[in-house]
Amino acid sequence: MTDDPETPGDGHWEINLATMGTHTSGRCEIAAPDADVNYGWGDHVQLKVDVPWVFVHETGQPWKSGLGAPDVGVKWRFIDIEDSGFSMSTYPQYTRNWLSSSASRGISAPGGQLFLPIEASTVLHEYSLDAEVGTNLVQYGSTQLVAGAIVAHSCGRNVECLGEVHHVFVSHDSQTLLNFGVHWKLNESMGVLAAAGREFGAHTEDQQRLLLYFGLQLLR
């Protein structure tokens with residue numbers, strides 16, 4: 001959930017093809033596939049479009065599927081100090097349905113969301129540290145203050161283990177996600193990403209009791 005300031009590099013692509021699943025009270029949602037396509041426009045700018053195909057099951061209802069809400073964004077890394085390994089970026093992202101039927105059928109939420117974050121990254125001894133803080137403006141909901149942090153460390157040959165704390169501050173409904181994952185680098189152009197977590201906080205219908213992610217990362 002928490003992003004970092006890294007970009008693919010000038011003229012390079014980063015494509016993440018994933019399956020994501022969430023379970024909340026009375027609802028199971030699976031994005032398969034979720035295509036997250038990123039392009040490096042120069043060394044410090046990243047262009048992104050993320051398009052999911054979503055399957056939804058609600059208690060007492062049959063499964064339904066449709067195009068989820070695509071997400072488009074532009075990341076700009078405005079500080080990049082190689083000697084100290086410190087970098088910062090901003091990453092505005094806008095999410096909205098491309099099909100009105102997706103909202104009317106309950107595949108995705110109606111309206112749009114504009115996320116305005118700042119990311120920072122550094123290295124401390126053998127650990128990589130990433131942090132993100134921002135505001136999520138929700139068209140038909142409450143404005144959210146979002147903060148997250150990731151700690152990553154090598155846990156095997158070409159394998160990196162990650163732990164994440166991600167908090168969403170909303171009046172009367174704040175949630176904290178604890179997430180654990182691995183990044184297994186298969187070669188210079190391919191890797192595997194996997195993670196599992198859950199949210200803790202007020203017991204609401206939207207609280208994620210389980211969050212799963214499995215994806216293939218392609219670098220070109």
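Predicted model: local features only at pLDDT ≥ 70, side-chain atom pairs only at ≥ 80, totals over all residues.
Residues are numbered from 1 along each chain as its sequence is written, and side-chain values use heavy atoms, with hydrogens and water left out.

Let us begin with Glu 6. You will find Glu 6 in the segment before β1, which covers 13-24; strands such as this are DSSP runs of E with at least two residues, numbered from the N terminus. Glu 6 counts as partly exposed because its relative accessibility is 45%, and partly exposed lies between buried, under 20% relative accessible area, and exposed, over 50% (1.4 Å probe, protein chains only). Setting aside neighbours within four places in sequence, Glu 6 is in contact with Gln 46, Lys 75, Arg 77 and Ser 87, where contact means heavy atoms within 4.5 Å. Take Arg 77 from that list: Arg 77 is 71 residues from Glu 6 along the chain, yet their C-alpha atoms are separated by 7.4 Å.

Now to the cysteines. The structure holds one disulfide, a pair of cysteine sulfur atoms within 2.5 Å. Cys 155 and Cys 161 form this link, with their sulfur atoms 2.0 Å apart. The link is right-handed, with 80° about the S-S bond. Cys 155 is partly exposed because its relative accessibility is 40%, and Cys 161 is partly exposed too, at 30%. Cys 28, at 25% relative accessibility, also counts as partly exposed.

Key. Helix = DSSP H or I, 4+ residues; strand = E, 2+ residues; numbered from the N terminus.
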